[in-house]
Amino acid sequence: MIAVQTKLPSSVSHVKSKDMINNTEHTQLSEWLTAVADVRCKTAFTHLFTFFAPKIQRIARNKFPNEAQANEVVQETMTKVWRKAHLFDADKGAATTWVYTVMRNVIFDLLRKVKSNREDNLSDDIWPIVENELTDDDDLYEDHLENKKLLRVIEHLPESQQEVVKGFYLMEMSQDQLATHLNLPLGTIKSRLRLALAKLKVQLGEDND
Amino acid sequence: MKNNTIDLPIFPISIFLLPGGVARLRIFEPRYLKLVSMATSGNGFVIYAKDQDPQQLKSWGSWVDIINFDKGEDGVLEIDVKCKSLVEISDVNLRDHDLDFAEVRAFTHWSQKRVFTHRSQKSARSQKSADTNLSTLNTSLSLLITNNALLNKLYESKTDDNPYWIIARWIELLPIPLQVKNNFIFESSYSDAKKLVNSIISNSL
């Protein structure tokens with residue numbers, strides 16, 4: 001299940017967006033990405049690399065003091081782009097959004113490796129930098145209707161999946177799980193719960209007299 | 001004693017957490033990514049369960065600290081939070097697209113109590129039966145936590161001799177309506193909570 005489209009927080013960024021991406025370029029990038037996915041086109045990938053690598057490099061250099069780490073981010077991201085291009089769906093969003101999402105996850109993995117030394121992994125620094133790159137792109141593809149449809153779909157998911165999509169793992173057993181845990185039939189659990197709650201209601205009524 | 005209020009960001013989500021309780025949240029909305037970055041350098045944040053009794057005079061929330069973070073399988077940020085206190089929220093006004101703050105005041109809850117071995121007051125027999133119930137609840141709870149992948153990760157210690165801790169965790173975990181769980185927040189409700197848990201888990205009073 002896909003989480004709802006993330007729009008990154010606006011905050012002061014330290015990187016100026018020198019590259020305004022227009023519609024034609026979006027289409028071109030999409031085509032290249034699709035070519036990589038469909039026929040493993042090396043030429044298309046080279047174009048993608050030429051386009052993205054410097055941008056990723058710049059973002060990574062802002063996040064990692066170490067040049068080697070920044071290079072690793074570029075390497076890892078573009079490798080993943082090559083390997084997972086088939087997961088890109090041109091109908092669902094921009095190629096830039098997709099690639100930067102891959103990059104974000106790569107950065108996360110790398111940060112996690114050094115996380116014990118850094119309390120500020122989750123600082124504002126990561127997101128505004130990326131957001132500045134994405135702002136113009138996102139405006140082209142924002143679709144309120146799509147979001148509403150998505151929300152309706154979420155409502156129809158089984159509850160456990162709903163919770164995961166909405167933002168948390170339910171910290172509560174289901175009646176089924178309770179039954180399994182206590183090694184009792186579900187019916188017994190249901191009546192126990194019913195009785196316990198009824199008793200509680202009476203108790204609380206008494207307490208409030 | 002000063003009326004100590006503190007300004008904290010609010011995370012509206014229907015999850016019931018008492019002091020000592022740990023939960024894992026997935027953060028992808030930008031306003032909550034911001035909340036997380038504020039919380040890590042500041043004072044944590046408040047989880048506010050929206051479906052509280054509208055009749056209630058005061059809303060309450062769970063004041064949590066972020067104790068761990070990771071990336072979920074789908075690339076979304078997951079944070080582990082631990083509740084350190086409950087708070088009263090006097091004025092909740094949730095906006096749709098922005099991050100909300102509220103002035104909150106911490107209050108103590110029975111789950112934060114410590115127990116002292118003070119057996120002289122109870123009769124030997126009633127003490128024994130209380131102990132049996134408690135040890136049943138304790139064992140059952142630690143088994144549950146150990147056997148559930150997520151709970152096992154969240155709770156380093158699967159057990160605690162403190163009966164208040166045990167009952168608190170059970171109330172969080174049991175499949176009873178949030179409205180019912182709300183009853184164990186404000187009043188001196190420990191004994192009611194204990195009776196409820198015992199009648200479900202131990203099938204006894």
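1. Let's start in the middle of this predicted model. Its largest nonpolar core has 55 residues. Those with the most contacts inside this core are Phe11(B), Leu17(B), Val46(B), Ile167(B), Trp170(B), Ile171(B) and Val197(B). Helix α4 of chain B, residues 163–173, is the biggest giver, with eight residues. Apart from it you will find another core, of 26 residues, including Val74(A) and Ile107(A).

2. Pick out Val46(B) and look around it. What does Val46(B) touch, leaving aside residues up to four places away in sequence? Its contacts are Leu8(B), Ile10(B), Phe11(B), Gly61(B), Ser62(B), Trp63(B), Val87(B) and Val104(B).

3. Now follow strand β2 of chain B, residues 22–27. Six of its six residues are buried, and both of its faces are covered. Val22(B), Arg24(B) and Arg26(B) lie on one side, while Ala23(B), Leu25(B) and Ile27(B) lie on the other. The partner of β2(B) here is strand β5(B), residues 77–89, and the two pair in the antiparallel sense over six bridges. For one example, find Leu25(B): its bridge partner in β5(B) is Ile79(B).

4. Finally, turn to where the chains meet. Here 34 residues of chain B are in contact with 33 residues of chain A. On the chain B side, β2, α1 (30–41), β4 (59–71), α4 and α6 (190–202) each supply at least two residues. Helix α1(B) gives the most, with seven. By type, this side of chain B divides into 19 nonpolar, six polar and nine charged residues.

Note on methods:
Residues numbered from 1 in each chain as written. Chains lettered and ligands numbered in written order. Predicted model: local features only at pLDDT ≥ 70, side-chain atom pairs only at ≥ 80, totals over all residues. Core = buried A, V, L, I, M, F, W, Y, C linked by C-beta atoms within 7 Å. Buried ≥ 20, exposed ≤ 12 C-beta atoms within 10 Å, placed from the backbone. Helix = DSSP H or I, 4+ residues; strand = E, 2+ residues; numbered from the N terminus. Contact = placed C-beta atoms within 7 Å. Pairing = 2+ DSSP bridges. Nonpolar A, V, L, I, M, F, W, Y, C, P; charged D, E, K, R; others polar.
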